[in-house]
Amino acid sequence: GSSHPNYAVSLIGKLIHTGSKKKMKVSKKVAQKRKGVSKIFRGVKQSRAGTTSVHTHSSTAYGGKHCVSPWELPKGGMKSSPAWKLLLARNGGTKKALPAPKERLGAPISKGFPVDRWPPNVLVDVERAFWLPDDWGQGIKNTGSGGTYVGWVSPKGEFCYHRNLGGTFTHGVEAIIGRSLTALDGFNGILRKVQSHVKPDADAQFLANVLARNEREFVLPPSKFHFCIISARRADTHAGQHDLMVVEAHFRNVGVRPTWYVDRESLSAYKALSLNVVVGGKLTPSRNKALADAAAKKKVCVQVSDDISLWEYFDIKQLRGKQDGFSKMNAAVTTAEKQGRSYKISPVGAAQFILAKMRSCAGGAPSRPHLGGVLPQSNPAMGVAGEAFSHDHFILGDFFVVDSSPCRFDTAMTLKEDYDFTCAHLAKHGAVMRCNRMILRVKHATNNGGAVSERDKAGVKERSNIKILQRKWAGVFKPHGKRQNEVRLCWRNRKCLGGTTTIKQQAGQRKTRAKRAPKNK
(Lines give C-alpha, C1' and ligand atoms only; values in the text may rest on other atoms or scores of the structure.)
Protein backbone atom coordinates (compact mmCIF):
# COMPACT_ATOMS: atom_id res chain seq x y z
CA GLY A 1 0.00 0.00 0.00
CA SER A 2 3.01 2.28 -0.13
CA SER A 3 1.87 3.85 -3.41
CA HIS A 4 -1.44 5.10 -2.02
CA PRO A 5 -1.69 8.93 -2.21
CA ASN A 6 -2.28 9.17 1.56
CA TYR A 7 0.96 7.31 2.16
CA ALA A 8 2.84 10.58 1.82
CA VAL A 9 1.19 11.73 5.04
CA SER A 10 2.33 8.64 6.93
CA LEU A 11 5.92 9.35 5.95
CA ILE A 12 5.90 12.42 8.17
CA GLY A 13 5.95 10.17 11.21
CA LYS A 14 9.20 8.59 10.00
CA LEU A 15 11.14 11.83 9.81
CA ILE A 16 14.23 11.89 11.96
CA HIS A 17 14.50 15.16 13.88
CA THR A 18 18.01 16.44 14.55
CA GLY A 19 16.94 19.60 16.36
CA SER A 20 14.28 22.31 16.18
CA LYS A 21 16.42 24.66 14.11
CA LYS A 22 18.09 22.05 11.94
CA LYS A 23 16.83 20.52 8.73
CA MET A 24 14.93 17.25 9.09
CA LYS A 25 16.62 14.17 7.68
CA VAL A 26 15.05 11.00 6.42
CA SER A 27 16.44 7.52 6.04
CA LYS A 28 17.48 6.31 2.61
CA LYS A 29 14.65 3.78 2.52
CA VAL A 30 12.00 6.40 3.36
CA ALA A 31 13.44 8.80 0.78
CA GLN A 32 13.18 6.14 -1.90
CA LYS A 33 9.56 5.43 -1.01
CA ARG A 34 8.74 9.14 -1.02
CA LYS A 35 10.23 9.42 -4.49
CA GLY A 36 7.95 6.62 -5.66
CA VAL A 37 4.91 8.35 -4.14
CA SER A 38 5.76 11.61 -5.91
CA LYS A 39 5.76 9.72 -9.19
CA ILE A 40 2.24 8.48 -8.45
CA PHE A 41 1.12 12.06 -7.80
CA ARG A 42 2.80 13.21 -11.00
CA GLY A 43 0.99 10.43 -12.84
CA VAL A 44 -2.36 11.77 -11.63
CA LYS A 45 -1.57 15.33 -12.72
CA GLN A 46 0.03 14.63 -16.09
CA SER A 47 -2.48 12.07 -17.24
CA ARG A 48 -5.33 14.47 -16.62
CA ALA A 49 -3.63 16.82 -19.05
CA GLY A 50 -3.58 13.94 -21.55
CA THR A 51 -0.68 15.39 -23.49
CA THR A 52 1.72 12.47 -23.25
CA SER A 53 2.17 8.92 -22.07
CA VAL A 54 2.34 8.80 -18.28
CA HIS A 55 4.24 6.30 -16.23
CA THR A 56 5.79 5.70 -12.83
CA HIS A 57 8.45 3.02 -13.13
CA SER A 58 8.96 0.59 -10.31
CA SER A 59 11.85 1.44 -8.03
CA THR A 60 14.07 -0.38 -5.60
CA ALA A 61 11.97 1.13 -2.82
CA TYR A 62 9.28 -1.37 -3.70
CA GLY A 63 11.64 -4.24 -4.40
CA GLY A 64 9.70 -4.94 -7.57
CA LYS A 65 10.40 -6.19 -11.06
CA HIS A 66 11.19 -3.73 -13.80
CA CYS A 67 8.51 -5.05 -16.14
CA VAL A 68 5.25 -6.95 -15.80
CA SER A 69 3.27 -8.33 -18.72
CA PRO A 70 -0.28 -7.00 -19.31
CA TRP A 71 -1.38 -10.62 -18.88
CA GLU A 72 0.41 -11.15 -15.57
CA LEU A 73 -1.62 -10.37 -12.45
CA PRO A 74 0.30 -8.57 -9.69
CA LYS A 75 0.83 -10.24 -6.36
CA GLY A 76 -2.19 -9.75 -4.10
CA GLY A 77 -4.60 -9.04 -6.97
CA MET A 78 -5.56 -5.89 -8.85
CA LYS A 79 -7.43 -4.20 -5.97
CA SER A 80 -4.25 -4.24 -3.90
CA SER A 81 -2.06 -2.99 -6.72
CA PRO A 82 -0.63 0.49 -7.41
CA ALA A 83 -2.70 0.68 -10.63
CA TRP A 84 -5.93 0.31 -8.66
CA LYS A 85 -4.92 2.99 -6.18
CA LEU A 86 -3.90 5.34 -8.97
CA LEU A 87 -7.27 4.71 -10.64
CA LEU A 88 -9.12 5.66 -7.44
CA ALA A 89 -6.98 8.80 -7.05
CA ARG A 90 -7.73 9.90 -10.61
CA ASN A 91 -11.43 9.31 -9.98
CA GLY A 92 -11.44 11.72 -7.05
CA GLY A 93 -10.58 9.49 -4.09
CA THR A 94 -11.93 6.45 -2.33
CA LYS A 95 -15.17 8.16 -1.26
CA LYS A 96 -16.32 8.78 -4.83
CA ALA A 97 -18.08 5.91 -6.60
CA LEU A 98 -16.05 4.35 -9.38
CA PRO A 99 -18.00 3.99 -12.66
CA ALA A 100 -18.32 0.58 -14.27
CA PRO A 101 -15.51 -0.14 -16.78
CA LYS A 102 -17.79 0.39 -19.80
CA GLU A 103 -18.89 3.79 -18.44
CA ARG A 104 -15.41 5.18 -17.85
CA LEU A 105 -13.81 7.72 -20.16
CA GLY A 106 -11.03 5.31 -21.01
CA ALA A 107 -13.40 2.74 -22.54
CA PRO A 108 -13.57 2.67 -26.37
CA ILE A 109 -16.33 4.90 -27.69
CA SER A 110 -17.17 2.77 -30.71
CA LYS A 111 -15.93 -0.43 -32.40
CA GLY A 112 -13.12 -0.92 -29.91
CA PHE A 113 -11.79 -4.01 -28.20
CA PRO A 114 -14.37 -5.08 -25.52
CA VAL A 115 -13.25 -4.03 -22.04
CA ASP A 116 -14.27 -7.39 -20.54
CA ARG A 117 -11.60 -8.98 -22.74
CA TRP A 118 -8.80 -6.57 -21.85
CA PRO A 119 -5.60 -8.04 -20.34
CA PRO A 120 -6.13 -8.75 -16.60
CA ASN A 121 -3.27 -6.43 -15.59
CA VAL A 122 -4.88 -3.41 -17.33
CA LEU A 123 -7.65 -1.34 -15.71
CA VAL A 124 -9.99 0.87 -17.78
CA ASP A 125 -9.03 4.46 -16.99
CA VAL A 126 -11.36 7.25 -15.88
CA GLU A 127 -9.40 9.73 -18.01
CA ARG A 128 -8.77 9.82 -21.75
CA ALA A 129 -6.04 11.37 -23.89
CA PHE A 130 -7.54 14.17 -25.99
CA TRP A 131 -6.07 12.76 -29.24
CA LEU A 132 -7.19 9.15 -28.78
CA PRO A 133 -9.45 7.81 -31.60
CA ASP A 134 -12.91 6.43 -30.79
CA ASP A 135 -11.98 2.78 -31.33
CA TRP A 136 -9.05 2.89 -28.90
CA GLY A 137 -9.17 2.58 -25.11
CA GLN A 138 -7.01 3.95 -22.31
CA GLY A 139 -5.88 1.85 -19.37
CA ILE A 140 -3.62 1.76 -16.33
CA LYS A 141 -1.17 -1.11 -16.05
CA ASN A 142 1.10 -2.30 -13.24
CA THR A 143 4.75 -2.35 -14.31
CA GLY A 144 6.11 -3.80 -11.09
CA SER A 145 5.21 -4.06 -7.43
CA GLY A 146 5.33 -0.29 -7.21
CA GLY A 147 5.12 1.12 -10.74
CA THR A 148 2.23 2.04 -13.02
CA TYR A 149 1.87 2.96 -16.66
CA VAL A 150 -0.95 4.70 -18.51
CA GLY A 151 -1.20 3.27 -22.00
CA TRP A 152 -3.65 2.48 -24.77
CA VAL A 153 -5.49 -0.61 -26.01
CA SER A 154 -5.88 -0.98 -29.77
CA PRO A 155 -9.01 -2.26 -31.56
CA LYS A 156 -7.22 -5.64 -31.69
CA GLY A 157 -6.53 -5.71 -27.95
CA GLU A 158 -2.84 -4.82 -28.15
CA PHE A 159 -1.48 -2.69 -25.29
CA CYS A 160 0.64 0.29 -26.46
CA TYR A 161 2.97 2.14 -24.14
CA HIS A 162 3.52 5.24 -26.26
CA ARG A 163 1.69 7.69 -28.49
CA ASN A 164 4.59 7.66 -30.94
CA LEU A 165 8.10 6.46 -30.27
CA GLY A 166 9.46 7.67 -33.59
CA GLY A 167 12.85 6.73 -35.02
CA THR A 168 13.22 3.01 -35.67
CA PHE A 169 10.44 2.08 -33.21
CA THR A 170 7.05 1.09 -34.59
CA HIS A 171 5.06 0.23 -31.46
CA GLY A 172 3.33 3.58 -30.86
CA VAL A 173 -0.34 4.41 -31.37
CA GLU A 174 0.44 6.73 -34.26
CA ALA A 175 2.85 4.20 -35.79
CA ILE A 176 0.10 1.55 -35.77
CA ILE A 177 -2.51 3.92 -37.24
CA GLY A 178 -0.03 5.31 -39.75
CA ARG A 179 -0.41 9.05 -39.18
CA SER A 180 -0.16 11.81 -36.61
CA LEU A 181 -3.16 12.30 -34.35
CA THR A 182 -4.76 15.59 -33.27
CA ALA A 183 -7.55 16.71 -30.97
CA LEU A 184 -9.95 16.23 -33.89
CA ASP A 185 -9.35 12.46 -33.68
CA GLY A 186 -10.25 12.47 -30.00
CA PHE A 187 -13.09 15.00 -30.12
CA ASN A 188 -15.80 12.49 -29.18
CA GLY A 189 -13.78 11.58 -26.12
CA ILE A 190 -13.50 15.27 -25.19
CA LEU A 191 -17.24 15.64 -25.72
CA ARG A 192 -17.89 12.63 -23.52
CA LYS A 193 -15.87 14.22 -20.71
CA VAL A 194 -17.76 17.50 -21.05
CA GLN A 195 -21.05 15.58 -20.88
CA SER A 196 -19.91 13.94 -17.65
CA HIS A 197 -19.81 17.41 -16.07
CA VAL A 198 -22.67 19.20 -17.86
CA LYS A 199 -25.75 16.97 -18.03
CA PRO A 200 -28.29 17.24 -20.90
CA ASP A 201 -30.88 19.11 -18.81
CA ALA A 202 -28.38 21.17 -16.79
CA ASP A 203 -29.24 24.54 -18.38
CA ALA A 204 -33.00 24.08 -18.14
CA GLN A 205 -32.82 23.15 -14.45
CA PHE A 206 -30.44 26.00 -13.74
CA LEU A 207 -32.59 28.68 -15.38
CA ALA A 208 -35.77 27.34 -13.79
CA ASN A 209 -34.24 27.30 -10.30
CA VAL A 210 -32.34 30.60 -10.19
CA LEU A 211 -34.42 33.01 -12.31
CA ALA A 212 -37.58 34.63 -11.00
CA ARG A 213 -40.76 34.26 -13.04
CA ASN A 214 -40.54 37.77 -14.51
CA GLU A 215 -36.87 37.20 -15.39
CA ARG A 216 -37.62 33.98 -17.29
CA GLU A 217 -39.57 36.07 -19.82
CA PHE A 218 -36.22 37.44 -21.02
CA VAL A 219 -34.61 34.04 -21.71
CA LEU A 220 -33.85 33.90 -25.43
CA PRO A 221 -33.23 30.76 -27.52
CA PRO A 222 -29.63 30.04 -28.61
CA SER A 223 -30.43 31.17 -32.17
CA LYS A 224 -30.74 34.76 -30.91
CA PHE A 225 -27.09 34.83 -29.83
CA HIS A 226 -23.90 35.17 -31.86
CA PHE A 227 -21.34 33.06 -30.00
CA CYS A 228 -17.78 34.17 -30.77
CA ILE A 229 -14.54 32.59 -29.58
CA ILE A 230 -11.57 34.94 -29.79
CA SER A 231 -8.36 33.02 -30.40
CA ALA A 232 -5.03 32.96 -32.25
CA ARG A 233 -1.85 30.90 -32.53
CA ARG A 234 -3.08 28.05 -30.34
CA ALA A 235 -3.94 25.28 -32.80
CA ASP A 236 -0.35 24.28 -33.52
CA THR A 237 0.47 22.80 -30.10
CA HIS A 238 -0.90 19.69 -28.38
CA ALA A 239 -2.03 21.58 -25.27
CA GLY A 240 -3.56 24.34 -27.38
CA GLN A 241 -5.55 21.89 -29.51
CA HIS A 242 -6.90 20.25 -26.37
CA ASP A 243 -8.09 23.59 -24.92
CA LEU A 244 -9.73 24.67 -28.18
CA MET A 245 -11.67 21.45 -28.59
CA VAL A 246 -12.85 21.51 -24.97
CA VAL A 247 -14.46 24.91 -25.56
CA GLU A 248 -15.95 23.67 -28.85
CA ALA A 249 -17.32 20.59 -27.06
CA HIS A 250 -19.12 22.72 -24.47
CA PHE A 251 -21.06 24.38 -27.28
CA ARG A 252 -21.63 21.23 -29.32
CA ASN A 253 -22.99 19.56 -26.20
CA VAL A 254 -26.03 21.85 -26.43
CA GLY A 255 -26.33 21.86 -30.22
CA VAL A 256 -24.49 25.12 -30.98
CA ARG A 257 -21.56 25.72 -33.35
CA PRO A 258 -19.70 28.89 -32.35
CA THR A 259 -17.67 31.11 -34.67
CA TRP A 260 -13.92 31.29 -34.11
CA TYR A 261 -12.22 34.66 -34.78
CA VAL A 262 -8.49 34.26 -35.46
CA ASP A 263 -5.66 36.06 -37.23
CA ARG A 264 -4.88 35.21 -40.85
CA GLU A 265 -1.68 33.32 -39.95
CA SER A 266 -3.69 30.88 -37.78
CA LEU A 267 -6.52 30.24 -40.23
CA SER A 268 -5.31 26.95 -41.75
CA ALA A 269 -4.40 25.37 -38.40
CA TYR A 270 -7.87 26.10 -36.98
CA LYS A 271 -9.62 24.87 -40.11
CA ALA A 272 -7.69 21.60 -39.82
CA LEU A 273 -9.63 21.03 -36.59
CA SER A 274 -12.95 21.46 -38.50
CA LEU A 275 -13.83 24.62 -36.59
CA ASN A 276 -16.09 27.35 -37.98
CA VAL A 277 -13.37 29.97 -38.50
CA VAL A 278 -13.28 33.54 -39.81
CA VAL A 279 -10.36 35.96 -40.00
CA GLY A 280 -10.72 38.73 -37.48
CA GLY A 281 -7.15 39.97 -37.16
CA LYS A 282 -5.37 40.67 -33.90
CA LEU A 283 -7.06 40.80 -30.52
CA THR A 284 -9.07 44.04 -30.52
CA PRO A 285 -9.88 43.98 -34.28
CA SER A 286 -11.23 40.43 -33.81
CA ARG A 287 -13.37 41.57 -30.90
CA ASN A 288 -14.73 44.50 -32.88
CA LYS A 289 -15.49 42.32 -35.91
CA ALA A 290 -17.42 39.93 -33.67
CA LEU A 291 -19.45 42.85 -32.30
CA ALA A 292 -20.11 44.17 -35.82
CA ASP A 293 -21.15 40.72 -37.09
CA ALA A 294 -23.58 40.28 -34.20
CA ALA A 295 -25.06 43.73 -34.80
CA ALA A 296 -25.49 43.00 -38.53
CA LYS A 297 -27.35 39.78 -37.66
CA LYS A 298 -29.37 41.62 -34.96
CA LYS A 299 -28.18 39.16 -32.37
CA VAL A 300 -26.75 39.38 -28.88
CA CYS A 301 -22.95 39.10 -28.97
CA VAL A 302 -21.27 36.62 -26.61
CA GLN A 303 -17.48 36.61 -26.61
CA VAL A 304 -15.61 33.66 -25.15
CA SER A 305 -11.97 32.89 -24.37
CA ASP A 306 -10.37 29.82 -25.95
CA ASP A 307 -9.21 28.08 -22.76
CA ILE A 308 -12.33 27.75 -20.57
CA SER A 309 -12.95 24.25 -19.25
CA LEU A 310 -16.10 24.84 -17.15
CA TRP A 311 -18.84 27.36 -16.31
CA GLU A 312 -20.22 27.22 -12.76
CA TYR A 313 -22.84 29.11 -10.77
CA PHE A 314 -23.25 29.14 -6.98
CA ASP A 315 -26.61 30.13 -5.53
CA ILE A 316 -25.36 31.75 -2.30
CA LYS A 317 -26.75 34.71 -0.39
CA GLN A 318 -24.37 37.53 0.45
CA LEU A 319 -22.44 37.07 3.67
CA ARG A 320 -23.01 40.18 5.76
CA GLY A 321 -20.59 41.77 8.17
CA LYS A 322 -16.82 41.76 8.37
CA GLN A 323 -15.20 38.51 7.29
CA ASP A 324 -12.11 37.38 9.17
CA GLY A 325 -10.36 35.20 6.65
CA PHE A 326 -12.01 32.82 4.22
CA SER A 327 -13.42 30.21 6.61
CA LYS A 328 -17.04 31.38 6.39
CA MET A 329 -16.78 32.04 2.67
CA ASN A 330 -15.37 28.60 1.96
CA ALA A 331 -17.98 27.04 4.22
CA ALA A 332 -20.76 28.80 2.28
CA VAL A 333 -19.44 27.35 -0.99
CA THR A 334 -19.14 23.85 0.49
CA THR A 335 -22.70 24.06 1.84
CA ALA A 336 -24.03 25.16 -1.55
CA GLU A 337 -22.35 22.19 -3.22
CA LYS A 338 -23.75 19.72 -0.68
CA GLN A 339 -27.26 21.18 -0.93
CA GLY A 340 -27.35 21.11 -4.74
CA ARG A 341 -27.14 24.88 -5.12
CA SER A 342 -24.08 24.79 -7.36
CA TYR A 343 -24.63 24.35 -11.09
CA LYS A 344 -22.29 23.21 -13.85
CA ILE A 345 -23.75 24.75 -16.99
CA SER A 346 -22.99 25.35 -20.66
CA PRO A 347 -21.77 28.69 -22.03
CA VAL A 348 -25.15 29.01 -23.74
CA GLY A 349 -27.02 28.69 -20.43
CA ALA A 350 -24.61 31.15 -18.82
CA ALA A 351 -25.25 33.72 -21.58
CA GLN A 352 -29.03 33.23 -21.36
CA PHE A 353 -28.89 33.83 -17.62
CA ILE A 354 -26.75 36.98 -17.84
CA LEU A 355 -28.90 38.50 -20.59
CA ALA A 356 -32.11 37.81 -18.68
CA LYS A 357 -30.66 39.50 -15.62
CA MET A 358 -29.47 42.49 -17.67
CA ARG A 359 -32.81 43.02 -19.38
CA SER A 360 -34.73 42.71 -16.13
CA CYS A 361 -32.31 45.14 -14.42
CA ALA A 362 -31.63 42.64 -11.64
CA GLY A 363 -29.84 43.74 -8.49
CA GLY A 364 -31.06 47.32 -8.58
CA ALA A 365 -29.04 48.55 -11.54
CA PRO A 366 -29.15 52.39 -11.87
CA SER A 367 -29.84 51.99 -15.59
CA ARG A 368 -30.19 49.04 -17.96
CA PRO A 369 -26.78 47.45 -18.51
CA HIS A 370 -25.68 46.46 -22.01
CA LEU A 371 -22.56 44.56 -20.90
CA GLY A 372 -22.60 41.60 -18.53
CA GLY A 373 -19.97 39.20 -17.26
CA VAL A 374 -18.73 36.95 -14.48
CA LEU A 375 -16.55 37.08 -11.37
CA PRO A 376 -12.91 37.51 -12.46
CA GLN A 377 -11.79 34.83 -10.00
CA SER A 378 -11.84 31.04 -10.22
CA ASN A 379 -12.55 30.72 -6.50
CA PRO A 380 -16.29 31.31 -5.83
CA ALA A 381 -15.55 32.14 -2.19
CA MET A 382 -13.96 35.39 -3.36
CA GLY A 383 -17.37 36.74 -4.37
CA VAL A 384 -19.80 35.65 -1.65
CA ALA A 385 -18.99 38.54 0.70
CA GLY A 386 -20.20 40.97 -1.96
CA GLU A 387 -23.56 41.49 -3.61
CA ALA A 388 -24.68 38.87 -6.13
CA PHE A 389 -24.69 41.49 -8.91
CA SER A 390 -22.55 44.61 -9.13
CA HIS A 391 -22.96 47.42 -11.64
CA ASP A 392 -19.72 49.40 -11.75
CA HIS A 393 -17.08 46.66 -11.54
CA PHE A 394 -14.64 45.28 -14.08
CA ILE A 395 -16.06 42.87 -16.70
CA LEU A 396 -13.56 40.15 -17.59
CA GLY A 397 -12.85 39.61 -21.30
CA ASP A 398 -12.87 35.81 -20.99
CA PHE A 399 -16.67 35.65 -21.11
CA PHE A 400 -19.11 38.51 -21.58
CA VAL A 401 -22.47 39.35 -23.14
CA VAL A 402 -23.13 42.54 -25.16
CA ASP A 403 -26.72 43.56 -25.80
CA SER A 404 -26.92 46.06 -28.70
CA SER A 405 -24.38 48.74 -27.82
CA PRO A 406 -22.35 51.13 -30.02
CA CYS A 407 -19.32 50.72 -27.74
CA ARG A 408 -16.25 49.20 -29.37
CA PHE A 409 -12.75 48.14 -28.30
CA ASP A 410 -9.85 50.58 -28.57
CA THR A 411 -7.57 49.12 -31.27
CA ALA A 412 -4.60 50.98 -29.79
CA MET A 413 -4.66 48.56 -26.87
CA THR A 414 -3.00 45.15 -27.10
CA LEU A 415 -3.59 44.13 -23.47
CA LYS A 416 -6.14 45.07 -20.78
CA GLU A 417 -8.62 45.95 -23.50
CA ASP A 418 -11.44 44.57 -21.34
CA TYR A 419 -10.79 47.24 -18.68
CA ASP A 420 -11.19 49.96 -21.29
CA PHE A 421 -14.31 48.30 -22.73
CA THR A 422 -15.88 48.20 -19.26
CA CYS A 423 -15.27 51.93 -18.79
CA ALA A 424 -16.70 52.68 -22.24
CA HIS A 425 -19.94 50.93 -21.28
CA LEU A 426 -20.09 52.66 -17.89
CA ALA A 427 -19.64 56.05 -19.57
CA LYS A 428 -22.21 55.32 -22.30
CA HIS A 429 -24.90 53.35 -20.48
CA GLY A 430 -24.34 54.21 -16.81
CA ALA A 431 -24.00 50.60 -15.64
CA VAL A 432 -22.67 47.12 -16.39
CA MET A 433 -23.75 43.88 -14.74
CA ARG A 434 -21.28 41.45 -13.19
CA CYS A 435 -22.57 38.23 -11.70
CA ASN A 436 -20.40 37.56 -8.66
CA ARG A 437 -21.75 34.04 -8.25
CA MET A 438 -20.68 32.74 -11.67
CA ILE A 439 -17.10 31.64 -12.25
CA LEU A 440 -14.99 30.18 -15.04
CA ARG A 441 -12.30 27.52 -14.93
CA VAL A 442 -9.59 28.93 -17.18
CA LYS A 443 -5.85 28.73 -17.74
CA HIS A 444 -5.87 32.43 -18.60
CA ALA A 445 -2.26 33.54 -18.15
CA THR A 446 -0.30 30.30 -18.63
CA ASN A 447 -1.04 29.46 -22.27
CA ASN A 448 1.07 29.71 -25.36
CA GLY A 449 -0.36 31.97 -28.05
CA GLY A 450 -3.30 34.36 -27.82
CA ALA A 451 -3.03 37.43 -25.61
CA VAL A 452 -0.26 35.77 -23.61
CA SER A 453 2.08 36.10 -26.59
CA GLU A 454 1.62 39.88 -26.40
CA ARG A 455 3.14 40.01 -22.92
CA ASP A 456 6.85 40.38 -22.25
CA LYS A 457 8.79 39.26 -19.19
CA ALA A 458 9.81 42.80 -18.34
CA GLY A 459 6.17 43.95 -18.34
CA VAL A 460 6.81 46.85 -20.73
CA LYS A 461 3.66 46.19 -22.80
CA GLU A 462 1.55 45.83 -19.69
CA ARG A 463 2.69 49.20 -18.36
CA SER A 464 2.22 50.82 -21.76
CA ASN A 465 -1.42 49.74 -21.86
CA ILE A 466 -1.94 50.82 -18.24
CA LYS A 467 -0.79 54.31 -19.21
CA ILE A 468 -3.43 54.40 -21.94
CA LEU A 469 -6.09 53.45 -19.38
CA GLN A 470 -4.97 56.11 -16.92
CA ARG A 471 -4.86 58.76 -19.62
CA LYS A 472 -8.34 57.92 -20.97
CA TRP A 473 -10.05 57.38 -17.61
CA ALA A 474 -8.49 59.78 -15.14
CA GLY A 475 -8.70 58.65 -11.53
CA VAL A 476 -10.30 55.27 -12.31
CA PHE A 477 -7.20 53.05 -12.36
CA LYS A 478 -4.74 52.63 -9.51
CA PRO A 479 -1.87 50.13 -9.12
CA HIS A 480 -3.06 46.83 -7.71
CA GLY A 481 -0.67 46.90 -4.77
CA LYS A 482 -0.11 43.13 -4.60
CA ARG A 483 0.19 42.14 -8.24
CA GLN A 484 2.87 43.63 -10.42
CA ASN A 485 1.68 45.32 -13.63
CA GLU A 486 -1.96 44.96 -12.59
CA VAL A 487 -4.53 47.63 -11.77
CA ARG A 488 -7.74 48.13 -9.82
CA LEU A 489 -10.80 49.72 -11.43
CA CYS A 490 -12.87 52.07 -9.25
CA TRP A 491 -15.39 53.92 -11.39
CA ARG A 492 -16.50 56.20 -8.54
CA ASN A 493 -12.99 57.67 -8.45
CA ARG A 494 -13.16 59.04 -11.99
CA LYS A 495 -12.31 62.69 -12.37
CA CYS A 496 -15.04 65.13 -13.37
CA LEU A 497 -14.75 66.68 -16.80
CA GLY A 498 -12.25 69.52 -16.74
CA GLY A 499 -11.69 69.19 -12.99
CA THR A 500 -9.52 67.49 -10.40
CA THR A 501 -12.14 66.13 -8.02
CA THR A 502 -13.67 62.68 -8.41
CA ILE A 503 -17.36 61.81 -8.68
CA LYS A 504 -17.11 60.20 -5.25
CA GLN A 505 -15.57 63.37 -3.78
CA GLN A 506 -18.25 65.56 -5.33
CA ALA A 507 -20.98 63.37 -3.83
CA GLY A 508 -19.33 63.79 -0.40
CA GLN A 509 -19.11 67.53 -0.89
CA ARG A 510 -22.82 67.72 -1.74
CA LYS A 511 -23.69 65.84 1.44
CA THR A 512 -21.50 68.19 3.50
CA ARG A 513 -23.09 71.28 1.98
CA ALA A 514 -26.55 69.87 2.61
CA LYS A 515 -25.74 69.35 6.29
CA ARG A 516 -24.33 72.88 6.69
CA ALA A 517 -27.16 74.60 4.82
CA PRO A 518 -29.73 76.35 7.10
CA LYS A 519 -32.95 74.42 7.42
CA ASN A 520 -36.14 76.05 6.10
CA LYS A 521 -38.45 77.05 8.91
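## Helix packing, salt bridges and a nonpolar core

In this predicted model, F187, I190, L191 and V194 of helix α5 meet M245, V246, E248, A249, H250 and R252 of helix α8, where contact means heavy atoms within 4.5 Å. The residues of this contact divide into seven nonpolar, one polar and two charged. Here Ala, Val, Leu, Ile, Met, Phe, Trp, Tyr, Cys and Pro count as nonpolar, Asp, Glu, Lys and Arg as charged, and the others, Gly among them, as polar.

A word on the ground rules: residues are numbered from 1 along each chain as its sequence is written, and side-chain values use heavy atoms, with hydrogens and water left out. Because the model is predicted, local features need pLDDT of at least 70 and side-chain atom pairs count only at pLDDT 80 or more, while totals for chains, interfaces and linings use all residues. Helices (H or I, at least four residues) and strands (E, at least two) are DSSP runs, numbered from the N terminus.

How do the two helices sit against each other? Two packed helices are described by the angle between their axes and the distance between the axes. For α5 (residues 187–197) and α8 (residues 238–252), the angle is about 65 degrees and the axes are 9 Å apart. Axes are lines fitted to C-alpha atoms, for helices over the stretch in contact, and angles run from 0 to 180 degrees between N-to-C directions. The crossing of α5 past α8 is right-handed, that is, the near helix is turned clockwise from the far one by less than a right angle.

Now to the charges. The whole structure holds 22 salt bridges, each a side-chain nitrogen of Lys or Arg within 4 Å of a carboxyl oxygen of Asp or Glu. Three of these pairs are set out here.

| Pair | N to O distance |
|---|---|
| D263 and K282 | 3.9 Å |
| E312 and K344 | 3.8 Å |
| R441 and E312 | 2.7 Å |

D263 is in the loop between β7 (259–262) and α9 (267–271), and K282 is in the loop between β8 (277–279) and α10 (283–296), so their bridge ties together parts that are 19 residues apart in sequence. D263 is buried at 2% relative accessible area, whereas K282 is partly exposed at 47%. Buried means under 20% relative accessible area, exposed over 50%, and partly exposed in between (1.4 Å probe, protein chains only).

E312 is buried, at 6%, while K344 is partly exposed, at 35%. R441 lies in strand β16 (residues 438–442) and E312 in strand β10, so this pair ties together parts that are 129 residues apart in sequence. R441 itself is partly exposed, at 31%. Elsewhere, salt bridges that share partners join R234, D243, D306 and K443 into one network.

Which residues touch the most other members of the largest nonpolar core? Of its 92 residues, they are F206, V304, F353, I354, F399, M438 and F477. Helix α12 (residues 347–359) gives the most to this core, with eight residues. Such a core is a set of buried Ala, Val, Leu, Ile, Met, Phe, Trp, Tyr and Cys residues joined through side-chain atoms within 4.5 Å. Leaving out residues up to four places away in sequence, V304 touches C228, I229, I230, V247, F251, W311, D398 and F399.
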